[in-house]
Amino acid sequence: MFVEVAFPISSFQTFSYKVPPKFLNDLHVGIRVTAPLGRRKVQGIITNLSQKSAFKGQIKFITGIIDRVPVISPDLWALIEWMSEYYVTPKGQVAKAVLPTNLSMRYSPPKHWYVQPIPVVDEKDLNRLKQRAPQQFKLQQIIWDSQCSVRVASLNDQTSNPLNVCRSLKQKGFVDLFQETSLPDVTGFTFAPIQKHVSFNADQRSAIDKMIPSLDSGKYSPFLLHGVTGSGKTEIYIEAVRRCLDQDRSAIILLPEISLTPQIAGRFKAVFGDTVALWHSKLTQAQRAWTWKEICRGTFPVVIGARSAVFAPVKKLGLIVIDEEQESSFRQDAPAPRYHARDVALMRGTIEKSTVVLSSATPSLESYYNYLKGKLTYLYLPKRFGGAKYPHVHVVDMLADQDESGKYGLILSGLLQDKIEERLKKNEQVILLQNRRGYSPVIRCFDCGETVLCPYCRVSLTYHRQDSQLRCHFCGHVETGKRESCIRCGSGDLKYSGTGTQRVELLLQETFPNARIGRLDMDTAKKGTRLISILENFSAGKIDILLGTQMIAKGLDFPNATLVGIINADLGLHLPDFRTGERIFQLIYQASGRAGRKDKPGEVVIQTYMPDNPVIKSAARLDMMKYYSIALSEREELNYPPFSWMAKVELSGPSANSVEKLADRISKSLVKKYKGLQVLGPSPCYLEKLKNQYRFQIVFKSLKTSDINGQNLHSFIQDNFIGTQTKFKPGKNKISIHLNPQSLI
Ligand code: ADP
Ligand code: ZN
Ligand code: ZN
């Protein structure tokens, strides 16, 4: 017998090996083996078994077997092959992205002690305990009140050695004491299980009823679940997952950023308990390896995670849900494979005959268009759950406001300030969005106009007040202390301008000295636990004003937050990218959705310098359909997706000149151009220099009217960009190929 083996190396090939008789019964597709490759022994994965081999040269034997159970199913392997071909990336490299780094690492999850009350206790015994062992009595009461099992370690603040006390209680027959293994501990990153009494409203019922036949049929069925913020999409996911489990199939839930959506994980834990695995970036490598293998064995039929959870090796996949499917975090840009988890999910659904639910309050224009074209079944939840009303939106024209008040450069308009005050008085909470972190994002010389740039990137350094640093948000470059003088003219007159979250925080502290303020951005959220504690404190009413970047705009559900303020709605609107408008619209719309999610009515204040801009205008009216129809006609006019297929080839390297030459060389050599192909560039990227690399790009667009399924563009890319190393001799420069790029900057 022969096997084909793929290795995690950058090559499009798999290799043939012979099988020694002793292994004959143990080999399956998806098992890892060791085999000689050149002079080394390398781990690879079996992709095929056969009686014959087409290879004519000398065939070596495999030398060892690593797994008993396949670590990749044939279906998952088929997905890898598709990705390799679609994203023009070697199979080995795709497999590397799919599998945890080192599957052989050992890990066994810790065991924890739990204690549970015994339901019937004799009053006399209890009284005796109270008198003789007050410490034990105290714990007994706490455990009794909890009415369910309690982790012994959680009693640490009651007594110095709760385990000993519990042991005595057990001896006396008051409690049960037992050990349980717990999953790799990411619970620091999720809320405790959130129990809820659920009864569906008519819209939810109807959405579920439309999904049930698909879930039961075991056919590929893609849906677009469009539910306004607060309409109760999470409960729909849960119902669909339940249906799946009933059929003995598994489910994957993809979230844009798992640490930002602890509430969803908390709901799932409450309903499905230990069948849920969290595929979390905070897992150590060993924990990942363990979780992967357990998922393979079927221990966790429900997997929740970010982008890469789309590869979770669940058995009999019945359902994939992509929550907030429009989020750009589902796209991986580096390293290759440069994939979009949404596209991968749809393909995986096709291969494994599953239901795929793309879900959002603000679907991506692509998915919305695909629904219009009948490629996705549309499920609509038009109302907030429980009759919560849409917030009332005020738009503040900042220019007019400043002309009126005579005060310029204000961060908070009079209206927003009044509204915040009002809410604080009523003990309600406020969420403020400022989508830029740091203190001052632009430092400019007053005399010559020079801005302070990162030495490695052609972008502004941001001043961070708290640790008194200048930081580059692209490459992480840090300079300690403020700059004293301009490097061009030597002037000491540097102006720290622009507004980041730290500046807003300081202003809020001055303006509302009694308010408790929490700030959430990449700087405060670096530690996952800090992030959770801020969210928990807000949830528990210990924070009055939650200020943050786009992190706070999504997924959070705080009934007492009744005012949302968007400090500068225009931020980012000038970026030269075809998706800019869509992104800003979604951000404003989603952030507004945080206001008034229960019975208390909500309000939103949007501050803008461009009240007539169509993005701002439709966002302020919360009129999604209107904006989407404007945006779609713009895209159609300019031949952008979803009306065309697009690919971007990015060239980068340490010398601008050399990159530019490479770009020219490539652009002149392009073969097999076809009618309907549009080529833009080569031209320098909008961010010309990042991390000391100069960047150029060539963009290809292919109209859907002539290239219905994108096949023309795809063959064009393959004809020109496979084997670029030998074709174009890029030297120190890098060539990267992006199919369906998310951004052109
Ligand atoms: P979305 O994700 O659509 O913005 P959520 O799923 O967070 O909305 O739901 C909004 C609120 O309504 C949550 O507090 C949720 O628990 C509650 N809710 C939604 N559906 C139900 C239901 N059928 N029964 C009880 N509570 C529900
Ligand atoms: Zn200067
Ligand atoms: Zn930089």
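Cys-486 is buried, its relative accessible area being 6% (buried means under 20%, exposed over 50% and partly exposed in between, with a 1.4 Å probe and protein chains only). The model is predicted, so that local features need pLDDT of at least 70 and side-chain atom pairs count only at pLDDT 80 or more, while totals for chains, interfaces and linings use all residues. Residues are numbered from 1 along each chain as its sequence is written, chains are lettered from A and ligands numbered from 1 in the order in which they are written, and side-chain values use heavy atoms, with hydrogens and water left out.

**View 1. Zinc ion (ligand 2) and its cysteine donors.** The SG atoms of Cys-445, Cys-448, Cys-486 and Cys-489 coordinate the zinc ion (ligand 2) at 2.3 to 2.4 Å. Donors are N, O and S atoms within 2.8 Å of the metal (3.2 Å for Na, K and Ca); water is not among the atoms, so sites may look incomplete. The arrangement is tetrahedral because the four donor atoms subtend angles of 103 to 113° (four donors count as tetrahedral if all angles lie between 85 and 135 degrees). The donor spacing in sequence is C-x2-C-x37-C-x2-C. Cys-489 is partly exposed, at 40% relative accessibility.

**View 2. Zinc ion (ligand 3) and its cysteine donors.** Here the coordinating atoms are SG of Cys-454, Cys-457, Cys-472 and Cys-475, at 2.3 to 2.4 Å. Their angles of 106 to 114° make this arrangement tetrahedral. For four tetrahedral donors the ideal angle at a metal is 109.5 degrees. The donor residues follow the spacing C-x2-C-x14-C-x2-C. Cys-457 is buried, with a relative accessible area of 1%, whereas Cys-475 is partly exposed at 28%.

**View 3. Contact of helices α16 and α18.** The axes of α16 (residues 580-592) and α18 (residues 624-637) come within 11 Å and cross at roughly 170°. This crossing makes α16 roughly antiparallel to α18 (angles over 145 degrees count as such). Contact means heavy atoms within 4.5 Å; Gly-581, Glu-582, Phe-585, Gln-586 and Tyr-589 in α16 meet Met-624, Tyr-627, Tyr-628 and Arg-635 in α18.

View 4. Ser-367 is buried, at 2% relative accessibility. Apart from neighbours within four places in sequence, Ser-367 contacts Leu-224, Glu-325, Arg-342, Leu-358 and Leu-376.

Notes
Tetrahedral: all angles 85-135°; square planar, octahedral: opposite > 155°, others 65-115°. Axes fitted to C-alpha atoms, helices over the stretch in contact; angles between N-to-C directions. Helix = DSSP H or I, 4+ residues; strand = E, 2+ residues; numbered from the N terminus. Parallel < 35°, antiparallel > 145°, perpendicular 65-115°, else oblique.
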